[in-house]
Amino acid sequence: MMELLLSTLRLSTPLIFAAMGGFLCERSGVATICLEGVLLTSAWAAATVTYFTHNPYLGAMAALIVGGCTMFIHAFLTVKAKTDQIISGVVVNLIAAGMTPLLTKLLFGSPTNTKAIPVYERFNSNALTLFACVLPFILSVLVYRTGLGLRLLAAGDGPEALETSGVSPQKVRLWAMSLAGMIVGLGGVYLSTAHASQFTRDMTAGRGYIALTALIFGKWRPIPAFLSCLFFGLADALQIQLQSNPIFGQTFPVQALQALPYIVTLLVLVGFIGNAKPPLAIGK
Amino acid sequence: MRPHFPKAAILAPLAAIAVSALVLVLFLISMGESPAILLEAFTSTFFNSFGLGYTLYYTTPLILTGLSVALSFHAGLFNIGSEGQLHLGAVSIIALSFFLPHLPSYLAIPLGILAALMGGGLWGMIAGYLKAVRGSHEVIVTILLNFIGIIFVNYLILYPFKNTEVQNPETVEIGNGYTLPLLSDFTKLFGSEFFLTTPVNITLILSLVTAILCYFFLFHTPKGYELRALGQNRRAARFNGISLETNFILVLTLSGALSGLVGVNEVMGYHHKLIEGFSPQYGFTGIAVALIARNHPLGVILSALLFGAIHNGAREIEFLSERMTKELSVIMEAFIIIVIASQPYLVRFFSKAKKEGSK
């Protein structure tokens, strides 16, 4: 039981970081289907820099910068160049999926993975998990209780009103998204240097999308999104347990649990369970 | 209204492709690749029967997913669920053949194609229904349906339809009646060896015909006019008595059905079975295909050929080069999309720079 709980926390950590980054980004009025790509590039940066510098903190720093920059591509394309938000998100995911194996092959000779880092050079995973559990509460206070946070919400729900009050929604979005990229970057650090000891091709395996799903399931609010991440982490942990322990002598089809997050979120989204409405300015 | 071709609509994509190709070449040379490799990869994607065969094999599904995305764009909807829809289409053929393996080919082939259309169409229809009746945003719904669909299809591949004689995650083979002829079977009739040992098959012709049908549907039928009116201005269309709900469901069903046809190429055309992870993101590439073609069904054919060639060329480069990987195609794709999608901004940016320069 304890094992399942810990496993849930471990599997939820990257989801929470990605979902919180997604929260800032979507609430500022920009759709983020690029969480997957940001997670991927930052995981790659963390593993690569840690391997070459032998310092996990430098690796984490690099991941934050790379994560921020990847999200900034999305911010620049959507806010400045006025590209469609979904298309821009797809582009960022493509860049991440293309660049990471290519650079891995250039630096390490094989496109599939970076060289492993020794255990003592790995990032402290408990610290990251702890931070992931506190972060939603910090963000909740920051966004709902401070002036800066209210500007963020206004940029997402009524950019014209914000503009009239003399604050540029574009600027708010650029800042919010760069910060969001760094938060998602922490998820990347966790994946490649704390949870594992190397970067492997496509190691995010759809976690960015699950995080986005959790954000929607949490109706675009930080603490419900955090709880959905835990719930989806639990589904993942259960799936791993069921893979190794057959019940009633039968191996349970793990696909049912894999699909669970998406199915419940779809039900929430279409209004069969409660009602989820995206920030008004999204997609405009 | 007949579609007309303003010069910019043709020049812009060409410029984007040229810029991207230039950047790619500079990138590769700066990485220390020799231009000879590029030239060799280029010739062997177009100028020999083997390379051309593979390029056309990759072009086929991209025409279909490109049409799928373009059709929904015309009605003002963004269907990014093509990936899930094509999985459902492919597995429907397997299911049909699983239960009716011994059909003669004059029944099996039309029914197989129908199954693919229905599998994909059904998955698209769910998104259309939710959009029309519950007002859910089609982008989020289709993303979620992609995952649900792909996981469901993987389950079907690994459990009910699994070929238990092999270790690989793949289904049993379809009945003989279901297989479609390869193009090399036709060239053989004329004593030629063109396309020999390549997987390009009759589905290519099917997809070309589909593109032409889409063109007539969109631009020469009342229903096509309704869909385009809807895409131009939803409110105006509604005031003219065009039903949003029916058309949302219709267009996403059709769009899904087009994606479903990818299964015909994959299952009936070449592999004759379904393999887990068979699609190298044909659905997402379809978005790029539609963008470059400016959603014109006939333009989709050309842009699908471009992306098919990029896909095949990148595989070739991976094979020839010590350092590059096939993901080069993905980067190239991303770059082309960026240039196309941010074109208004780039034009503004450069014309401003020019003005300031002349001052």
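## Close-up views, one by one

**View 1. Thr193(A) has its place in helix 8 (residues 169-195) of chain A.** Helices here are DSSP runs of H or I with at least four residues, and strands are E runs of at least two, numbered from the N terminus. This is a predicted model, in which local features need pLDDT of at least 70 and side-chain atom pairs count only at pLDDT 80 or more, while totals for chains, interfaces and linings use all residues. Residues are numbered from 1 along each chain as its sequence is written, and chains are lettered from A and ligands numbered from 1 in the order in which they are written. Is Thr193(A) buried or exposed? Thr193(A) counts as buried because 30 C-beta neighbours lie inside 10 Å (buried: 20 or more other C-beta atoms within 10 Å; exposed: 12 or fewer; partly exposed: in between; C-beta atoms are placed from the backbone). Arg122(A) is 71 residues away along the chain, yet its C-alpha atom and that of Thr193(A) are separated by 5.3 Å. Leaving out residues up to four places away in sequence, Thr193(A) touches Ala46(A), Ala47(A), Thr50(A), Pro56(A), Gly59(A), Ile117(A), Arg122(A) and Phe123(A); contact means C-beta atoms, placed from the backbone, within 7 Å.

**View 2. Helix 5 (residues 125-145) of chain A packs with helix 6 (residues 147-157) of chain A at about 80 degrees.** Their axes are 5 Å apart; axes are lines fitted to C-alpha atoms, for helices over the stretch in contact, and angles between N-to-C directions run from 0 to 180 degrees. The two helices of chain A are therefore roughly perpendicular (65 to 115 degrees; under 35 is roughly parallel, over 145 roughly antiparallel, and the rest oblique). Look for Leu142(A), Val143(A), Tyr144(A) and Arg145(A) in helix 5, which meet Gly149(A), Leu152(A) and Leu153(A) in helix 6.

**View 3. Two residues of chain B, Thr197(B) and Asn295(B), have a positive phi without being glycine.** Most residues other than glycine have a negative phi. For Thr197(B), phi is about 65 degrees. Thr197(B) lies in the loop between helix 7 (183-189) and helix 8 (203-220) of chain B, and is exposed, with 11 other C-beta atoms within 10 Å. For Asn295(B), phi is near 65 degrees. Asn295(B) lies in the loop between helix 13 and helix 14 (297-320) of chain B, and counts as buried, with 22 C-beta neighbours inside 10 Å.

Notes: Two residues are in contact if their C-beta atoms, placed from the backbone, lie within 7 Å.
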